Amino acid sequence: MGLKSEFKNIKGTRDILPEEAIRWKKVEDVIRKKMESYNFQEVRFPAFEATDLFRKSTGESTDIVKKEMFTFEDMGGRSLTLKPEGTPSVVRMYLQHGLFNRGALQKFYYIERMFRQERPQKGRYREFRQFGAEVIGSVSAETDAELVKSALDVFKELNIKGIELNINSIGCPRCRKDFVKELKSFLKGKLNGLCEDCNRRYAENPMRILDCKIDRTKLKDAPVPSDFLCDECREHFEDFKKRLDFLKIKFNIDSRLVRGLDYYTKTVFEFVNTSLGSQNELGGGGRYDELIKFMGGEDTPASGYAVGIDRMMLLLPGKDEKISVDVYLVTFDVESDLAGFEILNELRERGFSCDKDPMRRSVKAQFREADRQNAKWVIIIGENEIKRGVVQLKNMNKGKQKEIPMEIDKIVKELKC
Ligand SMILES: [Zn+2]
Ligand SMILES: [Zn+2]
């Protein structure tokens, strides 16, 4: 087929064709099953929100807000943004709908599309899918460990190997003050040698400098937040590690792992897979005890994470599966076509996937189509079958054919064995 259209999908987006969609569906089913086993409740939220939601909640100084958002004006001149991450919307929902009235603890999960204007690369798209979970109302390190475990459960169920867990504690606003002071004095005089982003972060959000991939070696002697933890934060971190041990979850402590905004607190973690190369992060999360209050709610602790499904798909073992249909109908004339159509509809009602040729092409063409659709069974009806009140049922895997009465219950019984 040499036909070409001038239209192509936009760079950074992707089409998911039927064979791949089967895999996606399987993955999404596993995510739902696992998340619900932890009593996380599914939420779905809009593709776009007021730009200010992300400015305030994701944070002005983050790369996401600074350079990656798809922001546009609607006809009324309001600034809107396609959601680049899930937490802001979940927090907005929680506050807007008064979900805090439903109990002390709220556990949510989502499977949503996100949008960021990043440079497209392997497993990284501008429109991408994430699953995530957020627990609002628990200050306990048990919650953080439970969140970690829920993501690991998904990886395990999908047979995704080689996932490593990195963890850290970035303290709370109280103990962070001392750390930031120390960090700033360490950085003074070194700023000229650091990258542009680090220089910007020095003023806006110095903790984030630890995260810099470019200046990593220059910063190897920099102070880290875990050296400055207050008693409460240290105990929380110890408790988190103990809980992970209890769950037999292996982890690395990465003292430079930060999520650098004021309302991120204590626990931070990330899931990495070394086989993904430099873009090895699958997802991560942490505690954000100060965010709900900052967004206008009561002082409420919270914790959560997100995982990129597109990247996860790169690690998923096995190949795309073939599409297939349970039953394909092959008929010889108008009368048998009608009789077959009736059987088809009854089978569909009973949950079998069925199809037929709507254009009544030749028998040979119908069989070819049954092959293309990977039909497990073919029901064949001709003049002779109509006369005798039977159908021919062919098992396509075994190649065996059997004559059975033209009765739905008898056909179903046969299909089930
Ligand atoms: Zn602290
Ligand atoms: Zn830098």
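A: **The zinc sites and the cavity**

Along the chain, the donors of the zinc ion (ligand 1) are spaced as C-x2-C-x54-C-x2-C. This is a predicted model: local features need pLDDT of at least 70 and side-chain atom pairs 80 or more, totals for chains, interfaces and linings use all residues, and side-chain values use heavy atoms, without hydrogens or water. Residues are numbered from 1 along each chain as written, with chains lettered from A and ligands numbered from 1 in written order.

Start with ligand 1. Its protein donors (N, O and S atoms within 2.8 Å of the metal, 3.2 Å for Na, K and Ca) are the SG atoms of C172, C175, C230 and C233. They lie 2.3 Å from the zinc ion (ligand 1). The four donor atoms make angles of 103 to 117°. That site is tetrahedral (four donors, all angles between 85 and 135 degrees).

How exposed are C230 and C233? C230 is partly exposed, with a relative accessible area of 23%. C233 is buried, at 0%. Here, buried means under 20%, exposed over 50%, and partly exposed in between, for a 1.4 Å probe and protein chains only.

Now turn to ligand 2. C195, C198 and C212 each give an SG atom to this zinc ion, and D215 gives an OD atom. The distances run from 2.0 to 2.3 Å. Why is the arrangement tetrahedral? The four donor atoms around the zinc ion (ligand 2) subtend angles of 100 to 116°, so the site is tetrahedral. The spacing of these donors is C-x2-C-x13-C-x2-D. C195 and C212 are 17 residues apart, and the pair links distant parts of the chain. C195 sits in the loop between α6 (173-187) and α7 (196-204). C212 sits in the loop between α7 and α8 (231-246). Helices are DSSP runs (H or I) of at least four residues, numbered from the N terminus. Both C195 and C212 are buried.

The volume of the largest cavity is about 30 Å³, counted as the space filled by probe spheres set on the points. The structure holds one cavity of 30 Å³ or more.

Key. Tetrahedral: all angles 85-135°; square planar, octahedral: opposite > 155°, others 65-115°. Helix = DSSP H or I, 4+ residues; strand = E, 2+ residues; numbered from the N terminus. 1 Å grid on protein atoms, 1.4 Å probe; cavity = no way out; pocket = protein on both sides within 12 Å on 5 of 7 lines; lining within 4 Å.
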